[in-house]
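Let's go through this one by asking what stands behind each label. Here is the model to look at.

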There are 2 protein chains.
Amino acid sequence: MTSTARPGKDVATDPIGFEAHDHASCISAAVAAAEAHCQTEGLRFTPVRRKALEILLQEHRALGAYEMLDRLREAGFGSQPPVAYRALEFLVANGFAHKIERLNAFIACAHPGASHSPAFMICRRCQSVAEAQSSPARGALGDAARATGFTIERTVVEAEGVCPACADKADA
Amino acid sequence: MTSTARPGKDVATDPIGFEAHDHASCISAAVAAAEAHCQTEGLRFTPVRRKALEILLQEHRALGAYEMLDRLREAGFGSQPPVAYRALEFLVANGFAHKIERLNAFIACAHPGASHSPAFMICRRCQSVAEAQSSPARGALGDAARATGFTIERTVVEAEGVCPACADKADA
DNA sequence: ACTTGTCATGTTATCTCATTTCCTGTATCC
DNA sequence: GGATACAGGAAATGAGATAACATGACAAGT
């Protein structure tokens, strides 16, 4: 994992997105954006859901459902799996988070609001995940779909490899 | 050997999977091809591995590891999870099968021998899976990887949607 | 023929991930 | 107030995956 496993502090150069972040403000901004979105859509941004999103943003990495459950329990919420799964399902359904199929884990959306067909780069060394955009329907896959009459509704695009930080470590 | 699935020949770009098959012969052909490949590569195409591949080919759909385990047990092999997982791992490692991350399930490779960066189309109604080719490293994802210094080693590309057969059913 | 190393298989136990089911509270609408 | 729809809590279980260890098959080296 990352060198600095201290949530909430000194994350300024956190390599996880492969870039630097002003973490504290990106959290509050994302939460506020989610809240606003829920308001306009008539969705309920309840305490568990808010807390789950905060946790994902704070960790800034892919979190398993049971890790999420631990955090939620610490925060005083229910401690049974469905509590975490329901909150995560809500976040994913509304574009505030994504599920990384390869890891069976969840991560806060890095581009909330943006039109979404996300792609992920997963470091097999440090497990860090970076989010990018993709348009898989416009490549060979799209051609195949059109040729067979398959209707694409959603895509999972996940690249596994080595992030720059781990590559550097290996060189040294 | 059959009309549609000739391993080793250049069917590589056919998005097969939502089409008719001469099943019996496509199974034996694929098994024979796998056997030949193992021979030349010095790999051991043991009874469990052969049976596992036959099962995948026969079912012609994505099979969970425990379903596979059930079939293997019926066929007189060991009945503990590692038996199935090891056989599946061998098949995947050698390109005879693929794992569908979205389903946590395994399917026989539709283009054995072809250079492999597979993409899948998964019907959310009937769970059928078709295999196509993809080159995700050449699109937006590849650009993002180069921009950040991420080295792509492997990609998972899975599209979820509705297959032509199920779409027809819905129309009717 | 015997030993050694390697790989495959079998088995137990355990771990992680995910869902079903049922019940309770609480907003909202009429 | 009563109906209804949704959210959350809790129990139990299902489903996916692996660690750890023992045994068996087989080829290579002596």
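**Two copies and their axis**

Of the residues of chain A, V157(A) comes closest to the rotation axis, with its C-alpha at 2.4 Å. This is a predicted model, in which local features need pLDDT of at least 70 and side-chain atom pairs count only at pLDDT 80 or more, while totals for chains, interfaces and linings use all residues. Residues are numbered from 1 along each chain as its sequence is written, chains are lettered from A and ligands numbered from 1 in the order in which they are written, and side-chain values use heavy atoms, with hydrogens and water left out.

Q: What makes the relation of chain A to chain B that of a two-fold axis?
A: Chain A superposes on chain B by a rotation of 179° with 0.1 Å of shift along its axis, at an RMSD of 0.3 Å.

Q: How do you know that the same surface serves both copies?
A: Take the contact residues of chain A (contact means heavy atoms within 4.5 Å): 100% of them recur in chain B.

Q: Why is β2(A) said to be covered on both faces?
A: Strand β2 spans residues 105–108 of chain A, with A105(A) and I107(A) on one side and F106(A) and A108(A) on the other, all of them buried. Buried means under 20% relative accessible area, with exposed over 50% and partly exposed in between (1.4 Å probe, protein chains only).

Q: What makes β1(A) and β2(A) a pair?
A: Pairing takes at least two bridges found by DSSP. Strand β1 (residues 97–100) of chain A has four to β2(A), and the two run antiparallel, so they pair. K99(A) sits opposite F106(A).

Q: What makes β4(B) mostly covered?
A: Five of the five residues of β4(B), residues 129–133, are buried. V129(B), E131(B) and Q133(B) point one way, and A130(B) and A132(B) the other.

Q: How are α2(B) and α3(B) packed?
A: Their axes lie 10 Å apart at an angle of about 120°. Axes here are lines fitted to C-alpha atoms, for helices over the stretch in contact, and angles run from 0 to 180 degrees between N-to-C directions. The contact involves M68(B), R71(B) and L72(B) of α3(B) and, among others, V48(B) and I55(B) of α2(B).

Terms used
Copies are superposed by least squares on the C-alpha atoms of residues with pLDDT of at least 70 in both.
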